[in-house]
Amino acid sequence: MNISEVAEKFNMTPATIRYYEKQGLVPPITRNGSGVRDFQDEDVKWVEFIKCMRDSGLSIDSLARYSELYQIGDDTLVERKKILIEEYQKLLEKQRLINGTVARLEKKLDNYDQMIQECEEKFFSNANEVIAERG
């Protein structure tokens with residue numbers, strides 16, 4: 001699979017994939033005889049993983065360190081897990097904050113619905129009074 005196909009598959013640009021590779025977020029991509037990136041299944045899985053993690057806000061530094069440790073091998077399992085736990089905790093905190101903001105906005109929107117309804121009722125009440133006076 002070439003870089004354009006992978007980019008399209010994940011709704012990314014080829015430049016983003018090249019950037020992720022340059023930053024060490026994905027291991028070096030397999031190249032064909034002409035030196036062109038030739039994404040194998042494992043390469044595609046890495047791009048998908050990194051896209052998911054970046055979309056969720058994980059830092060480039062953490063992901064680069066994770067990728068570096070992955071390439072070293074199983075001796076780094078504990079350290080890799082530690083990175084993921086730290087990022088997981090950060091995501092849970094973001095989720096808590098987002099849930100709080102969503103709840104606050106829901107209350108605010110309900111308040112606006114109530115104020116709009118009151119304004120509409122007042123408008124129609126006044127309109128009916130004017131019609132009755134002219135009537």
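This is a predicted model: local features need pLDDT of at least 70, side-chain atom pairs count only at pLDDT 80 or more; totals for chains, interfaces and linings use all residues.
The loop between α1 (3–9) and α2 (14–22) contains N11. The phi angle of N11 is near 55 degrees, a positive value in a residue that is not glycine. Most residues other than glycine have a negative phi. N11 counts as exposed, because its relative accessibility is 73% and the cut-off for exposed is over 50%.

P14 belongs to helix α2. With a relative accessibility of 24%, P14 counts as partly exposed. Not counting residues up to four places away in sequence, P14 touches I3, S4 and A7. G33 is 19 residues from P14 in sequence, and their C-alpha atoms are 20 Å apart in space.

Next come two helix pairs that share α4. Helix α3 covers residues 41–55, and its axis comes within 11 Å of the axis of α4, with a crossing angle of roughly 150 degrees. That angle makes α3 roughly antiparallel to α4, because angles over 145 degrees are counted that way. The crossing of α3 and α4 is right-handed. On the α3 side the contact is made by E42, W46, F49, I50, M53 and R54, and on the α4 side by I60, L63, Y66, S67 and Y70. Sorted by class, this contact of α3 with α4 has eight nonpolar, one polar and two charged residues.

The second pair is α4 with α5. Helix α4 spans residues 60–72 and helix α5 spans residues 77–134; their axes come within 9 Å and cross at roughly 160 degrees. α4 is therefore roughly antiparallel to α5. α4 passes α5 in a left-handed crossing. The residues that meet are S62, R65, Y66, L69 and Y70 from α4 and E79, R80, I83, L84 and E87 from α5. By class, the contact of α4 with α5 has five nonpolar, one polar and four charged residues.

Is S67 buried or exposed? S67 has a relative accessible area of 0%, so this serine is buried. If its neighbours within four places in sequence are left aside, S67 is in contact with G24, L25, V26, P27 and W46.

L69 counts as buried, because its relative accessibility is 1%. Leaving aside neighbours within four places in sequence, L69 is in contact with T76, E79, R80 and I83.

How exposed is C52? C52 counts as partly exposed, since its relative accessibility is 41%. C119 has a relative accessible area of 54%, so C119 is exposed. A disulfide is a covalent bond between the sulfur atoms of two cysteines. How many disulfides does the structure hold? The structure holds zero disulfides.

Methods. Residues are numbered from 1 along each chain as its sequence is written. Side-chain values use heavy atoms; hydrogens and water are left out. Axes are lines fitted to C-alpha atoms, for helices over the stretch in contact, and angles run from 0 to 180 degrees between N-to-C directions. Helices (H or I, at least four residues) and strands (E, at least two) are DSSP runs, numbered from the N terminus. Angles under 35 degrees count as roughly parallel, over 145 as roughly antiparallel, 65 to 115 as roughly perpendicular and the rest as oblique. A crossing is left-handed if the near helix is turned anticlockwise from the far one by less than a right angle, and right-handed if clockwise. Contact means heavy atoms within 4.5 Å. Ala, Val, Leu, Ile, Met, Phe, Trp, Tyr, Cys and Pro count as nonpolar, Asp, Glu, Lys and Arg as charged, and the others, Gly among them, as polar. A disulfide is a pair of cysteine sulfur atoms within 2.5 Å. Buried means under 20% relative accessible area, exposed over 50%, partly exposed in between (1.4 Å probe, protein chains only).
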